[in-house]
Amino acid sequence: MKRVGNEVRSIFLKVLAIVVSAEFFETGIHQLVGGPEGLAGILSGVILVSLFSVPLFYFFVIRPYRKSAEQRVSLINNLPGVVYRGHRDWSVSFIGAQVEQVTGYAAEEFLYGVVRWKDLIHPYDLDSLKRTFRETAEAKRTALRVEYRALHKDGSYRWLADRRQFIYDAQGKFRHVDGILLDITDRKRAEDMLETTRRKTEEEKAKTEAIIAAIGDGISIQDRQFRVLYQNEVHKGMIGDQLGKFCYEAYEKKDRVCEGCPVAISYRDGGVHTVEKRVENEKGVMYIEITASSLKDASGNIVAGIEMVRDITARRRMEEDRSRLAMAVEQSAEAIVVTDLEGTILYVNPAFERITGYSREEAVGKNPRFLHSGKHDESFYKKMWDTLARGEVWTGHFVNRKKDGSLYEEDAMISPVRDSSGDVVSYVAVKRDVTRLVSLEKQVRTAQKMESVGNLAGGIAHDFNNALTGIVGFGEMVKLRIANDPKALSDLDEVFRCAERASVLTRQLLTFARRQVIDPVNLDLNEVMTGLVKLLRKVTREDVEIKPFPAEYPVMIRADRGQVEQVLMNLCLNARDAMPEGGRLVIETGTTSLDDGYLKRYPYMKAGRYAVLSVSDTGTGMDEETRERVFEPFFTTKGPDKGTGLGLAMVYGIVKQHDGFIHVYSEPGKGTTFRVYFPEVDATADAKVIVSQGVASGGSETILLAEDDGSVRNLMEQTLVSYGYKVLIACDGEEALGIFRREGKEIAMAVLDVVMPKKGGKQAYDEMTKTFPGMKVLFLSGYSANAIHDDFVLHPGIPFLQKPFDLPSLARKVREVLDGK
């Protein structure tokens, strides 16, 4: 600094001399001698000197000095450490920018007193540092090197090496310290690791000494050539007397050092090494554990090796048994849980994790009650624990809750685990997830129940239809004969009205039993919903808000339009009745693909794309018992005269007949949602066909009539004959085929009941078309519960007449078929 100052002064004087010697300055002096004008000249000269000297002083003095200072600061900031100047009160008047990398705080925070260095020093180091600094200053020592920990802004501590120079004034009074801080955290960590290694080595040495002192294990000492110098009796008992022999001859009968020999490795690194070996001798196969270390002389040279040999045959076999057991437990498909006597979980296998969704870490240490679903009361668990407390095995069935909130069912067997003294020390539970099995069993039971009821309903409906056909048909004949008796006609009309009500009931039964003939077409669920909403608004109360949400794209299915409309209408009316005080009725359509997770939850469903029709209400909802019976025929929660209990049964039958599925979601007080799944088809909607009812007319063609019910057969024969037709009568399909073979050329068409004894109408018709492909036919419904058949699907173009029917309808339908309409 002194040299720089001298250079600055020299440059300044040179500049000043140049200015003073200028001609205009001399002129000013002369003028000063001459009078006031001379004084003005001097002042002008001074001003001119000032104007020229200031920029010259900046250019030749200040600018080089600033550049030099900036270089010094850059040098300080780029040193691999923190340069600083500190004072007695722990403040700093200068500190390098590297301090931010070491402490996380910027240099300005220290310079302005925002952060004090004293506050960063570790509390355990601060007192000793104070003492050391004080002693150094009192002794007037100038250099000090200390190491301590300082707090980083991120909360961690860094080790620092502080190299400081104490500065004193001329009187020896302490002025300040100049120093540099180095971050030695990595070095300290390395030293800690070395210290850990040293301690470990000492521990291994102590272990080796303890092993040598253990009499129960075989001990041998070998020289650097692996020749056996010493054996204790246990060692001799294991591999025989091998004194003077090479160890590799004793263990493996080789002529060179064994691969992986622990003594050889110990000779190389001086450490302790353990290996396990399989040894064969006259006693048979045995497993031994060899722990080897090296022996050193006073100079630290390795002179021999020592082995401790332990017979681990029994332990090895036990470990193998345990390994096989552990492998079996780990790979078991059943969940296995081990708890202590208080029920705290000690172990769960992977199957438990897979079934419950809880990881081993989440389950161990907890009581299994976190799986409780609320489906079992306290008495259930009390009986279980009472059984276990008596030391007995408990078997039972749990309904538990997974991590995702879903329920699952499992069969469980919990057994006490006893120690060698017979005391119960823990419990082990083996649990099998039977959710899918229970679901399938429930579905099978439901299906069997529905099938049984359906068969009964179908049989009853069939007989009722035949009876009703006779009642309506013969009633119409009677009506023609008593046309002049108004009282009799009125009574007869009442008979017809009763017959119509009975006919509606039988159609509902047939629909539930899936015995209804369907006429499938390609239709858009959006169109069905939109078409029915107008009607629904008329049949629902004003306090029920109907909110339709059709999909933004066509939702195509192949189904009977009338039956799908009936499904939607019944679900909506049911929702209306569930909201006696009003509410919201939401109807939605859409499509979905069933994934594996959904299929696991509902195993009876099939993978694929489905059109979905949802009907939701905000009504009273249903409990679990009601939900399980909701599709049963004649089951209803409505009051007397408010329902037959067949509405949802019909819905169920229609959905099943269309290879669909229906789910119900409901809780008491939270409303209900019915979700119907129909198989989606890739097609465009078929156009609606409007059939007009013309006047019944007759003809003279020959008709083959096959009907197993005598009264219905007689009625139809009389009707057709009255319209001018020639009728050939058969009681079943076999008889009809016989007549057809004899009179085939004369027969214009066949009128066949779908299901009859011996051979049904459809089977008989298939036989007829083999001989006469263009044979015209009219099918009549008449499913029987005593016949085995597939659901009858009406293919497009095949005429059909549903029982019961009136006589003009029969005549009109026959004429339409004969005319090819």
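Reply: The dialogue below takes the features in turn, with the general idea before the case. This is a predicted model, in which local features need pLDDT of at least 70 and side-chain atom pairs count only at pLDDT 80 or more, while totals for chains, interfaces and linings use all residues. Residues are numbered from 1 along each chain as its sequence is written, and side-chain values use heavy atoms, with hydrogens and water left out.

Me: How many residues of H26 are buried?

Reply: A residue is buried under 20% relative accessible area, exposed over 50% and partly exposed in between (1.4 Å probe, protein chains only). In H26, 10 of the 12 residues are buried, so the helix is largely enclosed by the rest of the structure. Among them are Leu 807, Leu 810, Arg 812 and Arg 815.

Me: Which residues other than glycine have a positive phi?

Reply: Lys 140 is one of them, with phi near 60°. Lys 140 lies in the loop between helix H7 (123–138) and strand E3 (143–151), and is partly exposed at 46% relative accessible area. Asp 659 also has a positive phi, of about 60°. Asp 659 is in the loop between H22 and strand E21 (661–666), and its 58% relative accessible area makes it exposed.

Me: How many disulfides does the structure hold?

Reply: A disulfide is a covalent bond between the sulfur atoms of two cysteines. The criterion is a pair of cysteine sulfur atoms within 2.5 Å, and the structure holds zero disulfides. As for individual cysteines, Cys 572 is buried at 0% relative accessibility, whereas Cys 731 is partly exposed at 32%.

Me: How many aromatic pairs does a search of the whole structure find?

Reply: Rings of Phe, Tyr and Trp (its six-membered ring) pair if their centres lie within 6.5 Å; planes under 30 degrees apart count as stacked, over 60 as edge-to-face and the rest as tilted. The search finds 17 aromatic pairs. In one of these, the ring centres of Phe 226 and Tyr 267 are 5.5 Å apart and the planes stand at 40°, so the pair is tilted. The pair links distant parts of the chain, 41 residues apart: Phe 226 is in the loop between strand E6 (218–223) and strand E7 (228–231), and Tyr 267 is in helix H11 (residues 262–269). Phe 226 is buried at 11% relative accessible area, and Tyr 267 is buried at 9%. Phe 380 and Tyr 381 form an edge-to-face pair, 5.2 Å centre to centre with 90° between the planes. Ring pairs join Phe 380 and Tyr 381 with Trp 394 and Phe 398 in a cluster.

Me: How many salt bridges does the structure hold?

Reply: A salt bridge is a side-chain nitrogen of Lys or Arg within 4 Å of a carboxyl oxygen of Asp or Glu. The structure holds 36 salt bridges. One of them joins Glu 410 and Lys 431 at 3.1 Å, N to O. This pair links distant parts of the chain, with Glu 410 in strand E14 (residues 407–418) and Lys 431, 21 residues apart, in strand E15 (residues 424–433). Both Glu 410 and Lys 431 are buried. In another bridge, the closest N and O atoms of Lys 670 and Glu 667 are 3.5 Å apart. Here Lys 670 is exposed at 64% relative accessibility, and Glu 667 is partly exposed at 44%. Salt bridges also link Glu 147, Arg 187, Lys 188 and Glu 191 in a network.

Me: Where do residues apart in sequence lie in space?

Reply: Gly 86 and His 176 are 90 residues apart in sequence, yet their C-alpha atoms are 5.7 Å apart. Gly 86 belongs to strand E1 (residues 82–86) and is buried, with 6% relative accessible area.

Definitions and conventions:
Helix = DSSP H or I, 4+ residues; strand = E, 2+ residues; numbered from the N terminus.
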